[in-house]
Each structure stands twice: as C-alpha cells, then as structure tokens.
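Q: Could you take one part of this model and walk me through it closely? I would enjoy a connected account with the cut-offs spelled out.

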Amino acid sequence: MKKYMGYGIALMFILVVLWGYRMFSQKVPDVVQARPDVVIHATEMTRDFNVNSAEVNQKYGNKIIRVTGTVTQVNQSGSVILGSGSDGSEIVIGLDQRHQQDVQKVTVGMQAVFQALYTGYEAGGVDKGDDLLSSLGATIHLRSGGLIKEN
C-alpha cells in the first residue's frame, strides 16, 4: 500500500510540473490580430467618458477596442496618443512589443486606426492639481496595441 502511495505522489508531482510548463510556455495572444469587441472613433469614445465615465468604464472593461483618431503625440518608447478635439481628452495607446515598430509608421496630425485592450481611464480635475486643459477631459488608457491602418 505504501508503495502505491509513493507512485501517486510522484505522478501528482509530474502532473503539476507539466501543467506549470504549459502555463508558462503559452504565448500571450496578440490583441491586434483578434476580432475587436468595439469599433469606435476617438471623439465618440472620449465624449462617452465625459458624459458618464463610470458606466462607460464598465462597458469597455477588458474589451478589445478598435479606435480611429488623429495622432497628437508619438513616443518612440512605445506609445501613441490620439486626441479627440478641443475637449482636452486623449486616448493613450501602449503598444505591444510585437508592434513597437508602429511608432515609425505614424506622425503627428495623421489619421490612424489602432487596436488595443482597454485598461482604464483618468478623469481630469482641477482639484487634483491638473492644469486647466487636462481638467477638461478624460485620459483613456489602452494597452497591448498596434496599428491597424494609417491614412
């Protein structure tokens, strides 16, 4: 009986090691290649956040967003900012490492389509010490993104 118990423990150990190997060797899915949950323009998305940010935050939570907008800033370290107009809102897109070269394909002022995973937002506010411009709108954060199309 004791002999079989040792085999059971060894088998359990092997199964745990195999499961751990499988979990850590899986590739992270490429959000840019996936089907988007939401397709939207930057002005519409930021307007939604400025009207009812808590409700919209839940609506977009952990969803893949395909957003079209005007590039207002390109950070060579791997992020792009889409502006939405005069309301001070912006969408910050952190690029996936597989899509880092996309920063070379876009320039300030051009229209572009990005796809990324929604991760949250910050509502501007003068009481938080923000400058007046940023207090006018929301900053929406997307991550693991990449360029779908540039115009």
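A: Helix 2 has a kink of about 125°, centred on Asn52; the bend at a residue is the angle between axes fitted to the seven residues ending there and the seven starting there. Helices (H or I, at least four residues) and strands (E, at least two) are DSSP runs, numbered from the N terminus. Please keep in mind that this is a predicted model, where local features need pLDDT of at least 70, side-chain atom pairs count only at pLDDT 80 or more, and totals for chains, interfaces and linings use all residues. Residues are numbered from 1 along each chain as its sequence is written, and side-chain values use heavy atoms, with hydrogens and water left out.

The end C-alpha atoms of helix 2 (residues 42-60) lie only 14 Å apart, whereas a straight helix of 19 residues would span 27 Å at 1.5 Å a residue, taking 1.5 Å times one less than the number of residues. Just after helix 2, Asn62 has a positive phi of about 55°.

Among the buried residues of helix 2 are Met45, Phe49, Val56 and Tyr60; buried means under 20% relative accessible area, exposed over 50% and partly exposed in between (1.4 Å probe, protein chains only).

Now to the rings: the whole structure holds four aromatic pairs, with centres within 6.5 Å and planes under 30 degrees apart counted as stacked, over 60 as edge-to-face and the rest as tilted (rings of Phe, Tyr and Trp, its six-membered ring). Phe49 and Tyr121 form a tilted pair, because their ring centres are 5.3 Å apart and their planes are at 45°. Phe49 lies in helix 2 and Tyr121 in strand 5 (residues 111-123), so the pair ties together parts 72 residues apart in sequence. Phe49 is buried at 3% relative accessible area, while Tyr121 is partly exposed at 27%. Phe49, Tyr60, Tyr118 and Tyr121 make up one aromatic cluster.
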